[in-house]
Amino acid sequence: MAAQHNAVLPTALKIPAIQKLTNKRVVLASASPRRKEILQTLGLAPEVITSTFAEDLPLSSFDDIHEYPVSTAIQKAVEVYQRVLAENLDDAPDLVIGADTVVFTHALPSTTNEMETGVRQELLEKPSSKGDNMRMLMDLNGGVCEVVTGVALVYPILSAPGYEIKSIDERTLVYFADNPKHVLKAYVDSEEGLDRAGGFAVQGLGNLLIRKIDGDFYNVMGFPGASFFKLLDMLVENEEDFLEI
(Lines give C-alpha, C1' and ligand atoms only; values in the text may rest on other atoms or scores of the structure.)
Protein backbone atom coordinates (compact mmCIF):
# COMPACT_ATOMS: atom_id res chain seq x y z
CA MET A 1 0.00 0.00 0.00
CA ALA A 2 1.39 3.38 -1.01
CA ALA A 3 2.21 5.90 1.68
CA GLN A 4 -0.12 8.86 2.20
CA HIS A 5 1.25 12.28 1.36
CA ASN A 6 -0.04 15.84 1.56
CA ALA A 7 2.31 18.79 1.38
CA VAL A 8 -0.49 21.39 1.27
CA LEU A 9 -0.92 23.35 4.49
CA PRO A 10 -4.31 24.63 5.73
CA THR A 11 -3.02 28.20 5.29
CA ALA A 12 -2.50 27.78 1.52
CA LEU A 13 -4.51 29.85 -0.92
CA LYS A 14 -7.20 27.90 -2.76
CA ILE A 15 -5.69 28.29 -6.21
CA PRO A 16 -5.57 25.58 -8.92
CA ALA A 17 -1.83 24.98 -8.49
CA ILE A 18 -2.16 24.32 -4.77
CA GLN A 19 -5.30 22.22 -5.12
CA LYS A 20 -3.54 20.06 -7.70
CA LEU A 21 -0.83 19.28 -5.13
CA THR A 22 -3.29 18.04 -2.50
CA ASN A 23 -2.48 14.45 -1.48
CA LYS A 24 0.55 14.39 -3.78
CA ARG A 25 4.14 13.50 -2.89
CA VAL A 26 6.02 16.78 -3.29
CA VAL A 27 9.79 16.74 -2.75
CA LEU A 28 12.18 19.66 -2.36
CA ALA A 29 15.62 18.63 -3.65
CA SER A 30 17.44 21.07 -1.39
CA ALA A 31 18.67 21.23 2.18
CA SER A 32 18.25 25.02 2.28
CA PRO A 33 16.22 25.98 5.35
CA ARG A 34 15.36 29.28 3.63
CA ARG A 35 13.69 27.56 0.66
CA LYS A 36 11.72 25.34 3.00
CA GLU A 37 10.69 28.37 5.06
CA ILE A 38 9.56 30.34 1.97
CA LEU A 39 7.46 27.45 0.69
CA GLN A 40 5.88 26.94 4.10
CA THR A 41 5.05 30.64 4.29
CA LEU A 42 3.25 30.24 0.96
CA GLY A 43 1.32 27.16 2.09
CA LEU A 44 3.46 24.24 0.98
CA ALA A 45 5.44 21.86 3.18
CA PRO A 46 7.32 19.51 0.84
CA GLU A 47 9.36 16.51 1.90
CA VAL A 48 13.05 17.46 1.90
CA ILE A 49 15.50 15.13 0.16
CA THR A 50 18.88 16.71 -0.45
CA SER A 51 20.39 16.23 -3.88
CA THR A 52 23.81 14.58 -4.18
CA PHE A 53 24.59 16.42 -7.43
CA ALA A 54 28.07 17.92 -7.14
CA GLU A 55 27.04 21.38 -8.49
CA ASP A 56 30.24 21.59 -10.49
CA LEU A 57 29.04 22.59 -13.95
CA PRO A 58 31.67 24.78 -15.66
CA LEU A 59 30.41 28.35 -16.00
CA SER A 60 32.42 28.76 -19.20
CA SER A 61 30.22 26.17 -20.96
CA PHE A 62 27.21 28.54 -20.94
CA ASP A 63 26.79 31.22 -23.60
CA ASP A 64 24.20 32.86 -21.35
CA ILE A 65 25.38 32.79 -17.74
CA HIS A 66 21.78 32.91 -16.52
CA GLU A 67 21.41 29.31 -17.73
CA TYR A 68 24.00 28.18 -15.18
CA PRO A 69 21.69 28.11 -12.10
CA VAL A 70 18.84 26.69 -14.21
CA SER A 71 21.00 23.76 -15.36
CA THR A 72 22.17 23.13 -11.80
CA ALA A 73 18.58 23.16 -10.54
CA ILE A 74 17.58 20.66 -13.24
CA GLN A 75 20.45 18.31 -12.36
CA LYS A 76 19.54 18.45 -8.66
CA ALA A 77 15.86 17.74 -9.28
CA VAL A 78 16.47 14.90 -11.76
CA GLU A 79 19.00 13.22 -9.46
CA VAL A 80 16.52 13.19 -6.58
CA TYR A 81 13.60 12.09 -8.77
CA GLN A 82 15.53 9.13 -10.18
CA ARG A 83 16.92 8.11 -6.79
CA VAL A 84 13.54 8.23 -5.02
CA LEU A 85 11.91 6.33 -7.86
CA ALA A 86 14.60 3.64 -7.74
CA GLU A 87 14.15 3.23 -3.99
CA ASN A 88 10.42 2.52 -4.22
CA LEU A 89 8.50 2.32 -7.49
CA ASP A 90 5.23 2.16 -5.56
CA ASP A 91 5.84 5.50 -3.85
CA ALA A 92 7.16 7.66 -6.69
CA PRO A 93 7.33 11.43 -6.28
CA ASP A 94 4.58 13.40 -8.00
CA LEU A 95 6.70 16.54 -8.14
CA VAL A 96 10.35 17.25 -7.38
CA ILE A 97 11.44 20.87 -6.99
CA GLY A 98 15.07 21.81 -7.64
CA ALA A 99 16.54 25.27 -7.13
CA ASP A 100 19.90 27.00 -7.34
CA THR A 101 20.62 30.62 -6.46
CA VAL A 102 23.71 32.49 -7.61
CA VAL A 103 24.95 36.07 -7.41
CA PHE A 104 26.56 37.90 -10.32
CA THR A 105 28.47 41.14 -9.94
CA HIS A 106 28.20 44.00 -12.48
CA ALA A 107 24.48 43.63 -13.07
CA LEU A 108 24.25 44.82 -16.66
CA PRO A 109 23.52 42.03 -19.19
CA SER A 110 26.87 40.34 -19.76
CA THR A 111 27.09 40.93 -23.51
CA THR A 112 26.31 44.64 -23.21
CA ASN A 113 28.57 45.00 -20.20
CA GLU A 114 31.48 43.32 -21.92
CA MET A 115 31.05 45.46 -25.04
CA GLU A 116 30.84 48.71 -23.08
CA THR A 117 33.32 48.13 -20.27
CA GLY A 118 35.25 44.98 -21.10
CA VAL A 119 34.12 43.51 -17.76
CA ARG A 120 32.43 40.11 -17.63
CA GLN A 121 29.98 39.37 -14.85
CA GLU A 122 31.65 37.43 -12.04
CA LEU A 123 29.92 34.56 -10.30
CA LEU A 124 30.01 34.84 -6.52
CA GLU A 125 29.69 31.50 -4.74
CA LYS A 126 29.66 31.09 -0.97
CA PRO A 127 32.78 32.69 0.58
CA SER A 128 35.59 30.30 1.44
CA SER A 129 36.75 32.40 4.40
CA LYS A 130 36.21 35.73 6.16
CA GLY A 131 38.84 37.25 3.89
CA ASP A 132 36.99 36.02 0.83
CA ASN A 133 33.72 37.36 2.25
CA MET A 134 35.33 40.78 2.72
CA ARG A 135 36.63 40.73 -0.86
CA MET A 136 33.13 39.99 -2.17
CA LEU A 137 31.50 42.73 -0.12
CA MET A 138 34.14 45.28 -1.14
CA ASP A 139 33.40 44.42 -4.76
CA LEU A 140 29.63 44.72 -4.24
CA ASN A 141 29.79 47.84 -2.06
CA GLY A 142 28.16 50.87 -3.64
CA GLY A 143 27.22 48.84 -6.70
CA VAL A 144 24.54 46.55 -8.06
CA CYS A 145 24.52 42.76 -8.19
CA GLU A 146 22.12 40.37 -9.86
CA VAL A 147 20.65 37.47 -7.92
CA VAL A 148 19.45 34.68 -10.20
CA THR A 149 17.55 31.60 -9.06
CA GLY A 150 16.94 28.70 -11.38
CA VAL A 151 13.90 26.59 -10.50
CA ALA A 152 13.27 23.17 -12.04
CA LEU A 153 10.20 20.95 -11.75
CA VAL A 154 10.38 17.23 -12.49
CA TYR A 155 7.19 15.17 -12.68
CA PRO A 156 6.12 11.83 -14.20
CA ILE A 157 4.80 11.37 -17.74
CA LEU A 158 3.93 8.23 -19.71
CA SER A 159 6.45 8.69 -22.53
CA ALA A 160 10.22 8.15 -22.31
CA PRO A 161 12.22 8.88 -20.24
CA GLY A 162 9.25 8.76 -17.85
CA TYR A 163 9.51 12.31 -16.55
CA GLU A 164 9.14 15.86 -17.79
CA ILE A 165 11.25 18.88 -16.85
CA LYS A 166 10.06 22.47 -16.72
CA SER A 167 12.29 25.31 -15.61
CA ILE A 168 12.38 29.07 -15.10
CA ASP A 169 14.86 31.63 -13.89
CA GLU A 170 14.08 34.66 -11.75
CA ARG A 171 16.36 37.71 -11.69
CA THR A 172 16.51 40.39 -8.99
CA LEU A 173 18.78 43.42 -8.74
CA VAL A 174 20.26 44.26 -5.35
CA TYR A 175 21.63 47.77 -4.84
CA PHE A 176 24.27 48.08 -2.14
CA ALA A 177 24.72 51.26 -0.14
CA ASP A 178 28.16 52.85 -0.10
CA ASN A 179 29.02 51.34 3.27
CA PRO A 180 32.11 52.38 5.25
CA LYS A 181 34.72 49.67 5.57
CA HIS A 182 34.18 49.24 9.33
CA VAL A 183 30.54 48.28 8.69
CA LEU A 184 31.58 45.67 6.13
CA LYS A 185 34.17 44.29 8.56
CA ALA A 186 31.61 44.10 11.36
CA TYR A 187 29.28 42.18 9.05
CA VAL A 188 32.02 39.77 8.01
CA ASP A 189 32.90 39.23 11.69
CA SER A 190 29.27 38.25 12.36
CA GLU A 191 29.87 35.26 10.02
CA GLU A 192 26.29 35.47 8.77
CA GLY A 193 27.41 35.64 5.15
CA LEU A 194 29.75 32.65 5.18
CA ASP A 195 27.14 30.14 3.97
CA ARG A 196 25.34 32.51 1.56
CA ALA A 197 25.96 32.95 -2.15
CA GLY A 198 27.49 36.38 -2.59
CA GLY A 199 28.42 36.53 1.08
CA PHE A 200 25.32 38.29 2.43
CA ALA A 201 21.86 37.43 3.78
CA VAL A 202 19.23 39.99 2.77
CA GLN A 203 16.77 38.75 5.40
CA GLY A 204 19.31 39.11 8.21
CA LEU A 205 21.99 41.57 9.26
CA GLY A 206 22.97 41.87 5.59
CA ASN A 207 19.89 44.03 5.10
CA LEU A 208 21.85 46.86 6.73
CA LEU A 209 24.22 46.89 3.73
CA ILE A 210 21.53 47.21 1.08
CA ARG A 211 19.95 50.40 -0.30
CA LYS A 212 17.12 48.87 -2.35
CA ILE A 213 15.93 45.76 -4.16
CA ASP A 214 14.43 45.69 -7.64
CA GLY A 215 12.45 42.46 -7.99
CA ASP A 216 11.33 39.53 -5.85
CA PHE A 217 12.66 39.75 -2.27
CA TYR A 218 12.11 36.02 -1.75
CA ASN A 219 14.27 35.37 -4.81
CA VAL A 220 17.22 37.00 -3.05
CA MET A 221 16.53 34.70 -0.08
CA GLY A 222 16.75 31.71 -2.42
CA PHE A 223 13.34 30.88 -3.89
CA PRO A 224 10.97 32.93 -6.10
CA GLY A 225 7.66 31.72 -4.70
CA ALA A 226 5.37 33.84 -6.88
CA SER A 227 6.98 32.71 -10.14
CA PHE A 228 6.99 29.09 -8.94
CA PHE A 229 3.24 29.10 -8.33
CA LYS A 230 2.59 30.91 -11.61
CA LEU A 231 4.50 28.15 -13.42
CA LEU A 232 2.42 25.51 -11.61
CA ASP A 233 -0.80 27.30 -12.55
CA MET A 234 0.30 27.40 -16.19
CA LEU A 235 1.03 23.66 -16.18
CA VAL A 236 -2.35 22.91 -14.57
CA GLU A 237 -4.08 24.98 -17.25
CA ASN A 238 -2.13 23.80 -20.29
CA GLU A 239 -1.17 20.17 -19.58
CA GLU A 240 -4.14 17.82 -19.24
CA ASP A 241 -2.17 15.01 -17.56
CA PHE A 242 -0.10 17.19 -15.20
CA LEU A 243 0.17 15.33 -11.86
CA GLU A 244 -2.44 12.80 -12.94
CA ILE A 245 -0.04 9.89 -13.56
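This is a predicted model: local features need pLDDT of at least 70, side-chain atom pairs count only at pLDDT 80 or more; totals for chains, interfaces and linings use all residues.
**Exercise 1. Which residues of helix α5 (residues 130–140) are buried, and against what do they pack?**

Step 1. In α5, the buried residues are Asp132, Asn133, Met134, Met136, Leu137 and Leu140.

Step 2. Their packing partners are β4 (123–124), β5 (144–156), β6 and α6 (181–190).

Step 3. Just after α5 comes glycine 142, whose phi is positive, at about 75°.

**Exercise 2. Describe the setting of valine 174, then that of phenylalanine 200.**

Step 1. Valine 174 belongs to strand β6 (residues 163–176). Its relative accessible area is 0%, so valine 174 is buried.

Step 2. Valine 174 and cysteine 145 are 29 residues apart along the chain, and their C-alpha atoms are separated by 5.3 Å.

Step 3. Not counting residues up to four places away in sequence, valine 174 touches Gly143, Val144, Cys145, Val147, Phe200, Ile210, Lys212, Ile213 and Val220.

Step 4. Phenylalanine 200 is in the loop between α6 and β7 (210–214). With 5% relative accessibility, phenylalanine 200 counts as buried.

Step 5. From phenylalanine 200 to isoleucine 210 there are 10 residues in sequence and 9.8 Å in space, C-alpha to C-alpha.

Step 6. Beyond four places in sequence, the contacts of phenylalanine 200 include Leu137, Leu140, Cys145, Val147, Val174 and Ile210. Leu137 and Leu140 are among the buried residues of α5.

**Exercise 3. On which side or sides of helix α2 (residues 33–41) do the buried residues lie, and what covers them?**

Step 1. The buried residues of α2 are Arg34, Arg35, Ile38 and Leu39.

Step 2. These residues cover an arc of only 135° around the axis, which puts them on the same side of α2. The arc is that of the directions from the helix axis to the C-beta atoms. An α-helix has 3.6 residues a turn, so residues three or four places apart point the same way.

Step 3. The cover over these residues includes β1 (26–28), α3 (67–87), β3 (95–104), α7 (217–221) and α8 (225–238).

**Exercise 4. Examine the backbone at asparagine 23, leucine 243 and proline 161.**

Step 1. Most residues other than glycine have a negative phi, and most peptide bonds are trans.

Step 2. Asparagine 23 has a positive phi, near 60°, and is not a glycine. Asparagine 23 lies in the loop between α1 (16–21) and β1, and is exposed, with a relative accessible area of 55%.

Step 3. Leucine 243 also has a positive phi, about 65°. Leucine 243 is in the segment after α8 and is buried, at a relative accessible area of 3%.

Step 4. The peptide bond between alanine 160 and proline 161 is cis, with omega about 5°. Proline 161 is in the loop between β5 and β6.

**Exercise 5. How does the radius of gyration of the protein chain compare with the globule rule?**

Step 1. The protein chain holds 8 helices and 7 strands.

Step 2. Its radius of gyration is 19 Å, close to the 18 Å that the globule rule gives for 245 residues, so the chain is as compact as a globular protein of that length. The radius is taken over C-alpha atoms, and the rule is 2.2 Å times the number of residues to the power 0.38.

Step 3. Of the 245 residues, 48% count as buried.

Terms used: Residues are numbered from 1 along each chain as its sequence is written. Side-chain values use heavy atoms; hydrogens and water are left out. Helices (H or I, at least four residues) and strands (E, at least two) are DSSP runs, numbered from the N terminus. Buried means under 20% relative accessible area, exposed over 50%, partly exposed in between (1.4 Å probe, protein chains only). Contact means heavy atoms within 4.5 Å.
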